[in-house]
Amino acid sequence: MLAFELDFADALIDIDRKLTVKGAPAHTELVIHSKTERAGQIWRSQITVQTDEHGMVNLADVVPSAGSYTTAQPMGLIYTQLAENAASTELFPVSVHHALHTELEAHCAGQVAKTVLTQRLTHATVQRVEINQPGFHGIMFVPSTAGDKPAVMVLKNQSAAPLDEAHAALYAARGYIALALDYAQTPSLDTDPEALMPFKLALAWLRTTMRPKHNFVAVSGYQQGAELALLLGVQLADQVSAVIACEPTAAVRSPYPLAVENSLGPILLASGQQHVSSQYHHTIGQRLEQAGFDYNFQWYDFEGVGAGLSFAHVPTLHLCPDAEQALRLAAANKELWFAIIGFLHQAVIEAARPTQLHA
């Protein structure tokens, strides 16, 4: 009897899944379809594969002969999904507590098998709290597990964009108090210091109200948020414990004009080599090296990757010219996300040391 085997049917979105199909005739063509509703739109992918001598298909090992991609890839059906409405790009539901359910259907020699792969942006026990304070507002996600938790302030991709609740919710699932901050304008290098006040107030409020572990509050941003994260790391150096800056979109200026070496905590940069952010980060790295930067500095510059960095196991084909590049971007997303989690873990440990910020 044709049947799916899925190691984790329902788990966080960043968890790897192992998908196999069993019970088919040996050396027979098998077709697998995927279908996911994302923000009210249907996204699909499909592949055609050949069963082995045992009538089995393991997506980690088999190379599809046709379909959305043609490389052995256990999560390829997710990465290569495209929306039926080509204009649709929103990947996540309105509520981060609503799961993504991917329907999988296999057809082989007149037999049909079905299963559902569920991805969650956060745990059901993570609290979502609207924050409206004098001078700033946002959405905070709070882990329910016991003990003090470090904090991350999550910046928007663009000032006109919605809050990045998806990243904040996933940070919370990984044990961080996460504040997705709202703001109307993204300050620049030559902005009046008054424009930084909402960010200064939010950082101070997080510390005094949430009392994060070791007083640790990192800032994390993608695109314009990446540029802002670096700016805050310098202009509010005594309040920012670590900086995560991924895929900035600003024009490259060399030498880099921001005194990033004045940051008082570790910095993680991420870019694709085919994106302008690669050169942007190169100039930052040069400046930090010349200054003898005292803190941990990590730069991930992914070969064959352009725009679209995110966290693990999301569709990428809609951002790429072909499936090969989509799979490269998906691999970069996975590597980057767990590098960020590892970077934060180490930064929190270092924050407890007497010589470190906020000790």
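Let's start with Glu105 and Lys114, which form a salt bridge whose closest N and O atoms sit 3.8 Å apart. This is a predicted model, so the distances here are computed ones. Glu105 is partly exposed, at 26% relative accessible area, while Lys114 is exposed, at 63%. Elsewhere, salt bridges with shared partners tie Arg128, Glu130 and Glu165 into one network.

How many salt bridges does a search of the whole structure find? The count is eleven. Side chains of opposite charge can pair when their charged atoms come close. Here are three of the pairs:

| Salt bridge | Closest N to O distance |
|---|---|
| Asp14 and Arg174 | 2.7 Å |
| Glu105 and Lys114 | 3.8 Å |

Take Asp14 and Arg174, joined by a salt bridge at 2.7 Å. This pair links distant parts of the chain, 160 residues apart: Asp14 is in the loop between strand 2 (10-12) and strand 3 (19-22), and Arg174 is in the loop between helix 2 and strand 14 (177-182). Is Asp14 buried or exposed? Asp14 counts as buried because its relative accessible area is 1%, under the 20% cut-off. Arg174, on the other hand, is partly exposed at 31%.

Now for the rings. The structure has nine aromatic pairs. One of them is Phe293 with Tyr295, a tilted pair with 5.6 Å between centres and 55 degrees between planes. Phe293 is buried at 14% relative accessible area, whereas Tyr295 is partly exposed at 21%.

Why is the pair of Phe311 and Trp337 called edge-to-face? Their planes meet at 65 degrees, with the ring centres 6.0 Å apart, so the pair gets that label; the cut-off for it is over 60 degrees. Phe311 lies in the loop between strand 18 (297-302) and helix 6, while Trp337 belongs to helix 6 itself, and the pair links distant parts of the chain, 26 residues apart. Both Phe311 and Trp337 are buried. They also belong to one aromatic cluster, together with Phe92, Tyr171 and Tyr176.

Arg38 lies over the face of Trp43, at 6.0 Å from the ring centre. Lys156 has its charged end over the ring of Tyr183, 5.0 Å from the centre.

Of its 14 lining residues, Leu189, Glu227, Ala250, Arg253 and Tyr280 lie nearest the centre. Here helix 4 (residues 224-235) gives the most, with three residues. This lining divides into ten nonpolar, two polar and two charged residues.

Technical notes: Residues are numbered from 1 along each chain as its sequence is written. This is a predicted model: local features need pLDDT of at least 70, side-chain atom pairs count only at pLDDT 80 or more; totals for chains, interfaces and linings use all residues. Side-chain values use heavy atoms; hydrogens and water are left out. On a 1 Å grid over the protein atoms alone, a cavity is a set of points where a 1.4 Å probe fits but cannot get out, and a pocket is an open set with protein on both sides within 12 Å along at least five of seven lines; lining residues have an atom within 4 Å of a point. Helices (H or I, at least four residues) and strands (E, at least two) are DSSP runs, numbered from the N terminus. Ala, Val, Leu, Ile, Met, Phe, Trp, Tyr, Cys and Pro count as nonpolar, Asp, Glu, Lys and Arg as charged, and the others, Gly among them, as polar. A salt bridge is a side-chain nitrogen of Lys or Arg within 4 Å of a carboxyl oxygen of Asp or Glu. Buried means under 20% relative accessible area, exposed over 50%, partly exposed in between (1.4 Å probe, protein chains only). Rings of Phe, Tyr and Trp (its six-membered ring) pair if their centres lie within 6.5 Å; planes under 30 degrees apart count as stacked, over 60 as edge-to-face and the rest as tilted. A charge sits over a ring if NZ of Lys or CZ of Arg is within 6 Å of the ring centre and within 35 degrees of the ring normal.
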